[in-house]
Amino acid sequence: MKIYKTENYDKMSEKVASLLAAQIISKPDSVLGLATGSTPEGTYDCLVDWYDRGLLDFSEVKTVNLDEYKGLAPEDHNSYRYFMDQHLFDRVNIDKNNTYVPDGLADDPQKLCDDYEKLIDGLGGMDVQLLGMGHNGHIGFNEPGGEFPMACHCVSLAPRTVEANKKYFASEDVMPKQAYSMGIGTIMKAKKIFLVVSGEEKAETLGKVLHGPVTPEIPASILKFHPDVTLIADAAALSKS
């Protein structure tokens with residue numbers, strides 16, 4: 001695992017954006033696995049800025065997102081499709097038909113998951129998968145448990161994940177308690193993985209990821225078995241490593 005330690009969140013975001021930009025420039029038709037949440041917002045802002053300055057071209061890029069809340073329509077302001085549109089897709093020249101996010105309103109959850117796996121396989125897998133990490137070590141919505149989920153699946157969100165994400169909703173009562181997520185096996189098939197972690201509140205868990213055993217109780221720990229992982233973290237997140 002390669003590790004880049006940055007001074008702060010802004011420097012971390014710039015570093016991640018530079019790595020993604022290099023991927024796009026070297027392979028214009030890259031398949032990018034993308035993440036949502038507060039961690040990658042700065043990265044997407046950097047990419048948009050470089051696009052506005054004529055330094056990046058997204059016209060051939062394809063994207064697949066890690067996850068989506070079950071029960072939310074794409075136009076819902078709390079959906080991950082809406083997040084991606086607002087933070088990246090509507091701000092660059094990507095073909096929206098080449099951007100894929102699980103359908104939160106799918107009638108048949110198992111069919112959605114099976115079809116999403118087939119979609120990813122049909123694209124040839126992810127050239128790069130961008131990952132954040134939850135306070136409990138989850139990646140995507142793969143929560144701590146007794147095993148590593150292999151394929152796309154519907155998951156019940158852990159209480160700590162609900163606690164961390166409820167701030168985005170009007171109340172905890174209206175926040176979905178289930179989501180669709182790529183499985184650990186799906187993520188691990190990506191050619192490269194960029195793990196991005198920020199903040200002292202995640203330092204203890206990141207220390208366990210880096211120095212503890214590989215266990216489904218800390219899902220991100222599995223990344224130590226991937227042949228090409230780059231960790232980009234600010235000094236606060238690495239303060240206990």
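Modeller: A residue is called buried when its relative accessible area is under 20%, exposed when it is over 50%, and partly exposed in between (1.4 Å probe, protein chains only). Helices (H or I, at least four residues) and strands (E, at least two) are DSSP runs, numbered from the N terminus. This is a predicted model, in which local features need pLDDT of at least 70 and side-chain atom pairs count only at pLDDT 80 or more, while totals for chains, interfaces and linings use all residues. Residues are numbered from 1 along each chain as its sequence is written, and side-chain values use heavy atoms, with hydrogens and water left out.

Helix α7 covers residues 203-211. Its buried residues are Ala 203, Thr 205, Leu 206, Gly 207, Val 209 and Leu 210. The cover over these buried residues includes three strands: β1 (2-6), β9 (192-197) and β10 (229-234).

Glu 204 and Lys 208 are the partners, and their closest N and O atoms are 3.9 Å apart. Side chains of opposite charge can pair when their charged atoms come close. The two residues are four apart in α7, which separates them by about one helical turn. An α-helix has 3.6 residues a turn, so residues three or four places apart point the same way. Glu 204 is partly exposed at 48% relative accessibility, and Lys 208 is partly exposed at 41%. Elsewhere, salt bridges with shared partners link Arg 81, Asp 85, Asp 90 and Lys 96 into one network.

The whole structure holds 13 salt bridges. Among them is the one between Lys 111 and Asp 115, with 2.7 Å between the closest N and O atoms. This pair sits in helix α4 (residues 109-122), where a spacing of four residues puts about one helical turn between Lys 111 and Asp 115. Lys 111 has a relative accessible area of 48% and is partly exposed; Asp 115, at 32%, is partly exposed too. Another salt bridge joins the side chains of Lys 166 and Glu 163 at 3.1 Å, N to O. Lys 166 is partly exposed at 27%, as is Glu 163 at 48%.

Asp 67 is a charged residue without such a partner: it is buried and has no salt bridge, and the nearest side chain of opposite charge, Arg 81, is 12 Å away. In that search Lys and Arg count as positive and Asp and Glu as negative, with His and the chain ends not counted. Asp 67 belongs to strand β4 (residues 67-69). Residues up to four places away in sequence aside, Asp 67 is in contact (heavy atoms within 4.5 Å) with Thr 36, Tyr 80, Val 101, Pro 102, Gly 140, Phe 141, Tyr 180 and Ser 181.

Ser 181 is also one of the contacts of Cys 152. Cys 152 lies in the loop between β6 (128-131) and β7 (153-156) and is buried, with a relative accessible area of 6%.

Back in helix α4, Leu 119 is partly exposed at 23%. With neighbours within four places in sequence left aside, Leu 119 is in contact with Val 64 and Tyr 100.

His 77 is in the loop between β4 and α3 and is exposed, at 58% relative accessibility. Although 91 residues separate His 77 from Tyr 168 in sequence, the two are 9.4 Å apart in space, C-alpha to C-alpha.

Helix α3 (residues 80-87) packs with helix α2 (residues 41-52): their axes come within 10 Å and cross at roughly 40°. Axes are lines fitted to C-alpha atoms, for helices over the stretch in contact, and angles run from 0 to 180 degrees between N-to-C directions. The two helices are therefore oblique to each other, the class left once angles under 35 degrees (roughly parallel), over 145 (roughly antiparallel) and 65 to 115 (roughly perpendicular) are set aside. From α2, Glu 41, Tyr 44 and Val 48 meet Phe 83, Met 84 and His 87 of α3. The residues of this contact divide into four nonpolar, one polar and one charged, where Ala, Val, Leu, Ile, Met, Phe, Trp, Tyr, Cys and Pro count as nonpolar, Asp, Glu, Lys and Arg as charged, and the others, Gly among them, as polar.

How values were computed
Salt bridge = Lys/Arg side-chain N within 4 Å of Asp/Glu carboxyl O.
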